[in-house]
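Q: Here is a model to check term by term. Please set each label against its definition.

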Amino acid sequence: YAPWCPACKALQPVWEDFSSWSEDLDIRVGQVDVTTAPGLSGRFMVTALPTIFHVLDGEFRQYRGSRDKDAFISFVEEKKWKQVEAVPGWKSPASIQMSVVSYFFKLSQVLRTVHNTLMEEYGLPTWGSYLIFAVATIFIGALLGLMLVCVIDLIYPPKPVPGRSSVQLKEKLAPEDEQWWDTVASQGDPAAHLTVCVTLVLSEAAINF
């Protein structure tokens, strides 16, 4: 339920009257304010208020009957809950995936609180608050992307490109360049070797073309 919900306010006295029968029916009756516990609204995928669930032995069933005390008592006492299909396992509030959803709901509540604080306490306009969230989203996305790339490189490191020896490169040279290669390579001059390497790359590109 939520304090601002008109239907919840109308149900409140009936619910309190029904809860007084909890000892006679051997059950426990409770209520949760979704404004203070947004994670539970995500865990139970609450889309309308008020929402009533029957819980027994880890199985969850949503009550959709009449909202009066007699209907509630009859639902429990006559075990009409057996006629209601339980929430499937993948959607169960106790499942891992629904736990993750509940954390997203909590996060949305935190972001809403920050948004209201920026506007009410710091006098920031609405567009300014949205701009801050947009920049933060881009920054966090880029950071997470970089971390993901690093993890992938760590798990699946790139394969080294096999190098080619001078003999292999020499085989692709034109006949008139072979003598120049032998002459420069025998001189042991680093600058000359650099010139040869650049020339080899250009020559190889020309040959492949």
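**Labels and their cut-offs**

A: Start with helix 1, where the buried residues (under 20% relative accessible area, 1.4 Å probe, protein chains only) are C8, L11, W15 and F18. This is a predicted model: local features need pLDDT of at least 70, side-chain atom pairs count only at pLDDT 80 or more, and totals for chains, interfaces and linings use all residues. Residues are numbered from 1 along each chain as its sequence is written, and side-chain values use heavy atoms, without hydrogens and water.

Q: What covers the buried residues of helix 1?
A: The cover includes helix 2 (22–25), strand 1 (52–56) and helix 4 (69–77). Contact here means heavy atoms within 4.5 Å.

Q: How do you know that the span of helix 1 agrees with its 14 residues?
A: The expected span is 1.5 Å times one less than the number of residues. For residues 6–19 that gives 20 Å, and the end C-alpha atoms are 20 Å apart, so the two agree.

Q: Where does helix 1 bend?
A: At Q12, by about 40°. The bend is the angle between axes fitted to the seven residues ending there and the seven starting there. A proline, P13, follows within four residues.

Q: Why is L107 called partly exposed?
A: Partly exposed lies between buried and exposed (over 50%). L107 has 44% relative accessibility, so it counts as partly exposed. Its place is in helix 5 (residues 96–120).

Q: Which residues of helix 5 are buried?
A: M98, S99, S102, H115 and L118. Their cover includes helix 3 (38–43) and helix 6 (126–155).

Methods. Helix = DSSP H or I, 4+ residues; strand = E, 2+ residues; numbered from the N terminus.
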